[in-house]
Amino acid sequence: MAVQNERNLLKRRDIDALKTVEAAFHSGPLADLLASAPELERRSDLTREEFEREYRFKGRPVVLEGYAAEWPSVREWTFRNLAERCADVPVVVDSYSSAAARTTTFGAFVDLLEENAGSGAAPLYLQEWYYQTTAPHLAADMPELDIAQYDFRRDLYGEAASTNHQLWIGQQGGITRLHQDAYSVDVMHAQIVGEKLWHIMGPGAELLPGPGGEAGLDALCTAPDTRLMRFVLRPGDVLYLPALWFHRIELLSDSIGLGRKCLDEANLRAHVRQRIGELLALALNPDELRVTHSELFEVVVARARALADRMDIDLSRLRQ
């Protein structure tokens, strides 16, 4: 997992690489290309069989327009009524930034959102909230997706771990920087409140250093494997993004979305290898992981703890 062994800047998680990639979305050839990037295909009234035949089995991303429009969460949720239902639930705000991350309650988080609005301060973001562990009463408002039933995590980890979904709740202007989701899982993201602008790139996209060490943005923009696309996810829409597609998200308004992972059995071996590798790195060499995942170390730890909790594993029994 050593950062120096990965030449593709899109895959690196050290601070310098993250800043370089994010800056490319704001100026230069990649930013220019975004204006003419094609829209991801949108489909409505798609059956489960059509979804599997036309998209899942072919590894093609798609927006399923209005697929979750009848969910209680889509029809009823607001920031304020969620604050009333989850007032004292502990959450970690801005967990994707080691400098900004802090623990508070969900009720206090919503108060902070209201105070922060229009202040000019950086947008607040609650990322990867494993609500089923701390606020399980919310689950009924987000029914299971019929198109997600191929998720092999149910067989691998058990029923509880396979429904270990996350809520993403943040303020207009919030950004999740370009990344691939870990563990070779497919992404299904249901938009509940507000709108998000997504930029995606194919799994084969590469941003390599040039002869002088500069990022090769021109090569990234012209390579067929980059497959740059953009789209807006609106309330009730569900995104299907196959494993290892890169994605970057910008909140166009105050937003709530549900992140739901799916493990295709075809990716089982890669998934297990990556999971075991990360857990071994945490157990045997956490100092190196702090370097290679400098901004995300605490997130990696939180993921491991959440999985252990859902699998009823007592971490207190593990020796140092």
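**Entry 1: overall make-up**

I counted 13 helices and 13 strands in the protein, taking both as DSSP runs numbered from the N terminus (helices H or I, at least four residues; strands E, at least two). I note that the model is predicted, that local features need pLDDT of at least 70 and side-chain atom pairs pLDDT 80 or more, and that totals for chains, interfaces and linings use all residues. Residues are numbered from 1 along each chain as its sequence is written, and side-chain values use heavy atoms, with hydrogens and water left out.

Of the 320 residues, I found that 51% count as buried (under 20% relative accessible area; exposed is over 50%, partly exposed in between; 1.4 Å probe, protein chains only). I looked up contacts (heavy atoms within 4.5 Å): among those between residues at least 6 apart in sequence, 78% join residues at least 24 apart.

I traced an open sheet of 7 strands in the order 1-2-11-8-13-6-5, with mixed pairing; two strands pair if DSSP finds at least two bridges between them. Its edge strands are strand 1 (42–43) and strand 5 (125–129), each of which pairs on one side only.

Within the sheet, I examined strand 8 (residues 186–193) and strand 13 (residues 255–262), which pair in the antiparallel sense over 7 bridges. Met 188 stands opposite Arg 260 in strand 13.

I then turned to the helices on the sheet. Helix 3 (residues 48–56) lies across strand 1, strand 2 (62–64), strand 8 and strand 11 (238–241), and runs at about 40 degrees to strand 11. Helix 6 (residues 106–116) packs on the sheet through strand 5 and strand 6 (166–170), and its direction makes about 150 degrees with that of strand 5. The axes are lines fitted to C-alpha atoms, for helices over the stretch in contact, and angles run from 0 to 180 degrees between N-to-C directions.

**Entry 2: the nonpolar cores**

I looked up the nonpolar cores, sets of buried Ala, Val, Leu, Ile, Met, Phe, Trp, Tyr and Cys residues joined through side-chain atoms within 4.5 Å. The largest has 42 residues, of which Phe 106, Phe 109, Trp 129, Leu 138 and Leu 167 touch the most other members. Not counting residues up to four places away in sequence, Phe 106 touches several residues, among them Phe 79, Leu 82, Leu 126, Trp 129 and Ile 169. A second, separate core of 18 residues includes Val 21, Ala 37, Leu 207 and Leu 217.

**Entry 3: Ala 135**

I located Ala 135 in the loop between helix 7 (131–134) and helix 8 (153–157). Ala 135 counts as buried because its relative accessible area is 0%. Not counting residues up to four places away in sequence, Ala 135 touches Cys 86, Val 89 and Trp 129.
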